[in-house]
Amino acid sequence: MKIETILAHAGLCTDQITGAISTPIYQTATFRHPAVGVSTGYDYSRTINPTRQALGKAMAELEKGDRGFAFASGMAAITAVLMLFSSGDHLIVSDDLYGGTYRIFEKNFKQLGLTVTYSDTSNAELVKRAIIPGKTKAHFIETPSNPLMKITDLAAIMALADSERLLAIVDNTFMTPYLQRPLEFGVDIVVHSGTKYLGGHNDVLAGTVVTRSPELSDKIGFIQNSTGGILGPQDSWLVLRGLKTLALRIEKQQENAQKIAEWLTKNSKVKEVHYPGLPAHRGHRVHEKQSAGFGAMLSFRVPDSGWAERIINRSKLIIFAESLGGVETLITYPVRQTHGDIPVEIREKIGVTDDLLRLSVGIEHVDDLIEDLEQAMAT
Ligand SMILES: *Cc1c(COP(=O)(O)O)cnc(C)c1O
């Protein structure tokens with residue numbers, strides 16, 4: 001079945017009694033047992049809840065995995081995945097990544113004994129050199145990366161992962177399963193901040209994990225039940241609702257993003273545009289090979305921090321806010337917001353500096369968006 005169809009039917013209810021189309025919000029903590037030793041399959045909502053289960057099932061189907069799990073946020077999902085590892089394990093992590101993911105490694109999991117090497121995963125040779133035999137257990141990859149939109153060649157990394165039997169984890173938040181399905185490349189675990197494109201309306205926080213093998217599914221299911229970072233039924237329903245229009249939203253968003261990226265390259269105030277849909281983008285070819293579209297995230301460099309602040313403060317239609325993936329276009333200042341927790345030396349080394357702005361392009365009419373940028377950038 002085509003992915004648009006799976007999306008439109010995400011969470012379609014199969015209730016034989018009422019015929020309800022939409023999966024109900026099972027706002028219940030616990031479930032009645034018919035008799036001692038008899039269960040409906042539902043005992044307690046931390047373990048399993050029908051609304052959350054419908055979202056997990058939809059995500060597994062979309063990412064072509066074994067099972068899907070819905071968490072309270074993207075960070076709760078990432079936490080559950082990192083609980084797979086033990087003290088002394090080493091992970092190789094994309095050096096340009098979501099600031100909260102950097103922070104959880106540095107402030108939470110290092111304390112528990114995990115060690116991390118941040119590597120430019122767009123260069124498989126560098127990644128190979130970072131592998132410590134016997135200690136390295138996994139790759140954690142963002143492609144495109146955040147906010148510089150660097151592209152990691154998933155097949156090239158998997159070729160390395162296979163020879164060392166490393167686990168490969170991809171944060172697929174920027175692409176969504178509509179555009180990119182890392183499990184098809186042999187990746188083991190896909191995580192999402194469902195807060196972004198999956199939800200799509202800036203009205204819910206959520207996270208998902210999709211696993212490739214039943215063995216990993218059992219482990220993640222166990223961790224979710226024992227640690228409890230579950231998504232509530234109401235929020236699960238909101239994400240299911242969002243999924244139904246994901247294909248339409250992304251098509252419109254990436255069409256707008258392509259036009260804005262092209263417009264930015266012609267603007268004299270703009271020094272660099274990072275968008276994989278531009279043929280001049282370093283990862284353009286690799287991205288094209290592994291994804292069905294270029295998405296709607298882009299970043300661009302202006303002459304200095306004064307210009308960055310000026311553009312943010314003068315934007316009228318484009319909203320200055322953290323987050324991404326919603327129907328409204330947002331502008332973000334990575335050094336102050338999403339990447340504020342990354343030390344300045346590291347930020348500067350990878351190029352996340354105070355002249356860099358990030359756009360999450362929405363579904364507005366592109367002419368209005370360009371007009372807003374034009375007036376914000378006027379001298
Ligand atoms: C937002 C985001 C996260 C964290 O998700 P939350 O839902 O905010 O907890 C993780 N990874 C990426 C790429 C993100 O954009």
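Q: Which residue stands opposite Ile189 in β6?
A: In this predicted model, Ile169 stands opposite Ile189.

Q: How do β5 and β6 pair, and over how many bridges?
A: Strand β5, residues 167-171, and strand β6, residues 189-193, run parallel and share three bridges.

Q: And what is the strand order of the open sheet?
A: The sheet has seven strands in the order β1-β7-β6-β5-β4-β2-β3, and the pairing is mixed.

Q: Why is one side of β1 and of β3 left without a neighbour in the sheet?
A: Strands β1 (67-71) and β3 (115-119) are at the edges and each has a single partner strand, so one side of each has no neighbour in the sheet.

Q: Which strands does helix α4 touch?
A: Helix α4, residues 99-109, packs on the sheet and touches β2, β3 and β4. The direction of α4 makes about 145° with that of β3.

Q: Changing topic, which residues are around the ligand?
A: Among them are Ser73, Gly74, Tyr98, Glu142, Asp171, Ser193, Thr195 and Lys196. By class, the shell contains four nonpolar, five polar and three charged residues.

Q: What lies 2.6 Å from an oxygen atom of the ligand?
A: That is an N or O atom in the side chain of Thr195. A polar side-chain atom of Ser193 lies 2.8 Å from a ligand oxygen atom, and a backbone N or O atom of Gly74 lies 2.9 Å from an oxygen atom of the ligand.

Q: How much of the ligand does the protein bury?
A: The ligand taken alone exposes 380 Å², and the protein buries 93% of that.

Definitions and conventions
Residues are numbered from 1 along each chain as its sequence is written. This is a predicted model: local features need pLDDT of at least 70, side-chain atom pairs count only at pLDDT 80 or more; totals for chains, interfaces and linings use all residues. Side-chain values use heavy atoms; hydrogens and water are left out. A residue is near a molecule or strand if one of its heavy atoms lies within 4 Å of it. A polar contact is a pair of N or O atoms within 3.5 Å; within protein, one must be able to donate a hydrogen and the other to accept it, and residues adjacent in sequence count only if both atoms are side-chain atoms. Accessible areas come from the Shrake-Rupley method with a 1.4 Å probe; for residues, only the protein chains shown count as cover. Ala, Val, Leu, Ile, Met, Phe, Trp, Tyr, Cys and Pro count as nonpolar, Asp, Glu, Lys and Arg as charged, and the others, Gly among them, as polar. Two strands pair if DSSP finds at least two bridges between them. Helices (H or I, at least four residues) and strands (E, at least two) are DSSP runs, numbered from the N terminus. Contact means heavy atoms within 4.5 Å. Axes are lines fitted to C-alpha atoms, for helices over the stretch in contact, and angles run from 0 to 180 degrees between N-to-C directions.
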